[in-house]
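Hi everyone, thanks for coming.

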Amino acid sequence: MIYKLTDKTELKTFNKIVDIHWLCISLSNAPFYPPEVIEEWLDQVNIDDTISQLKYSSWIVVEDEGEIVGFAQ
């Protein structure tokens with residue numbers, strides 16, 4: 001299932017998105033950027049920031065068998 005995040009999306013969904021986002025940055029991006037850039041990005045990844053970004057960007061969630069497996073912004 002694919003759906004768009006809204007300000008009415010359950011908090012547990014935002015928690016999972018933040019967890020996945022954190023892993024993407026720390027595992028996938030880290031080899032290609034300086035540590036201080038990775039640190040700055042990780043400091044910005046949180047639920048409040050994600051929710052605030054819904055005002056000016058779209059976030060799409062992908063679920064497989066009821067589990068969130070990814071997202072796109």
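So, is Asp43 buried or exposed? Asp43 is exposed, because its relative accessible area is 62%, and here buried means under 20%, exposed over 50% and partly exposed in between, with a 1.4 Å probe and protein chains only. Keep in mind that this is a predicted model, where local features need pLDDT of at least 70, side-chain atom pairs count only at pLDDT 80 or more, and totals for chains, interfaces and linings use all residues. Residues are numbered from 1 along each chain as its sequence is written, and side-chain values use heavy atoms, with hydrogens and water left out.

Asp43 sits in helix H2, residues 35-44 (helices are DSSP runs of H or I with at least four residues, strands are E runs of at least two, numbered from the N terminus). Together with Glu36, Glu39 and Glu40, Asp43 forms a negative surface patch. Patch residues have over 30% relative accessible area and no salt bridge, with like charges joined within 9 Å and nonpolar side chains within 5 Å.

There is also a nonpolar surface patch of about 270 Å², made by Ile2, Val62 and Val69. Val69, in strand E3 (67-72), is exposed at 52%. Val62, in strand E2 (60-64), is partly exposed at 33%.

How values were computed: Areas by Shrake-Rupley, 256 points an atom, 1.4 Å probe, with all protein chains shown as cover. Salt bridge = Lys/Arg side-chain N within 4 Å of Asp/Glu carboxyl O. Lys, Arg positive; Asp, Glu negative; His and termini not counted. Charge placed at Lys NZ, Arg CZ, Asp CG, Glu CD.
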